[in-house]
Amino acid sequence: QVQLVESGGGLVQAGGSLRLSCVASIRMREIGPIAWYRQVPGKQREFVASITRGRYTSYADSVKGRFTLSRDNLDNKVNLQMNSLKPEDTAVYYCQTTMPFESWGQGTQVTVSS
């Protein structure tokens, strides 16, 4: 099993920035694509962004141009830099991978105030 631990969530004003991190229990080079999802109460989880071993990134239209994913193999983590945050970005953010195993972190709360 791969353990993933998110951190970096918090409260920020609209227009501000946060950086989320997802730390893996094994070498990042042993892990396939890593994705970020987010979920608000009463809603299903939605895709936010993903990054491959080759640093190819994909973003949901709602965050494209504002969020940036990076992969740090040395530190076994991925970072989600979130800029120009909006109240609608408020959610619990989860990191996830399917390779080598289906794994989810526990989530980190992001709250963006008006």
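## A charged residue to start from

E46 is partly exposed, at a relative accessible area of 35%. Here buried means under 20% relative accessible area, exposed means over 50%, and partly exposed lies in between (1.4 Å probe, protein chains only). The model is predicted: local features need pLDDT of at least 70, side-chain atom pairs count only at pLDDT 80 or more, and totals for chains, interfaces and linings use all residues. Residues are numbered from 1 along each chain as its sequence is written, and side-chain values use heavy atoms, with hydrogens and water left out.

Side chains of opposite charge can pair when their charged atoms come close. The rule for a salt bridge is a side-chain nitrogen of Lys or Arg within 4 Å of a carboxyl oxygen of Asp or Glu. By this rule there are four salt bridges.

E46 makes one of them with R38, and the closest N and O atoms are 2.7 Å apart. R38 is buried, at 6% relative accessibility. R38 also forms a salt bridge with D89, where the closest N and O atoms are 2.9 Å apart. This pair links distant parts of the chain. R38 sits in strand 4 (residues 34-39), while D89 lies in the loop between strand 8 (77-82) and strand 9 (91-97), 51 residues apart. D89 is buried too, with a relative accessible area of 1%. Through shared partners, salt bridges join R38, E46, R66 and D89 into one network.

## A pair at the surface

D61 and K64 form another salt bridge, with their closest N and O atoms 3.6 Å apart. Are these two residues buried or exposed? Both D61 and K64 are exposed.

## The open sheet

Four strands build an open sheet in the order 1-3-8-7, with antiparallel pairing. Strands (E, at least two residues) are DSSP runs, numbered from the N terminus. Two strands pair if DSSP finds at least two bridges between them. Strand 1 (4-7) and strand 7 (67-72) stand at the edges. Each has a single partner strand, so one side of each is left without a neighbour in the sheet. On average, neighbouring strands of this sheet are turned by 15 degrees against each other, direction ignored. The axes behind this angle are lines fitted to C-alpha atoms, and angles run from 0 to 180 degrees between N-to-C directions.

Strand 1 pairs with strand 3 (residues 18-24) in the antiparallel sense, over four bridges. S7 stands opposite S21 in strand 3.
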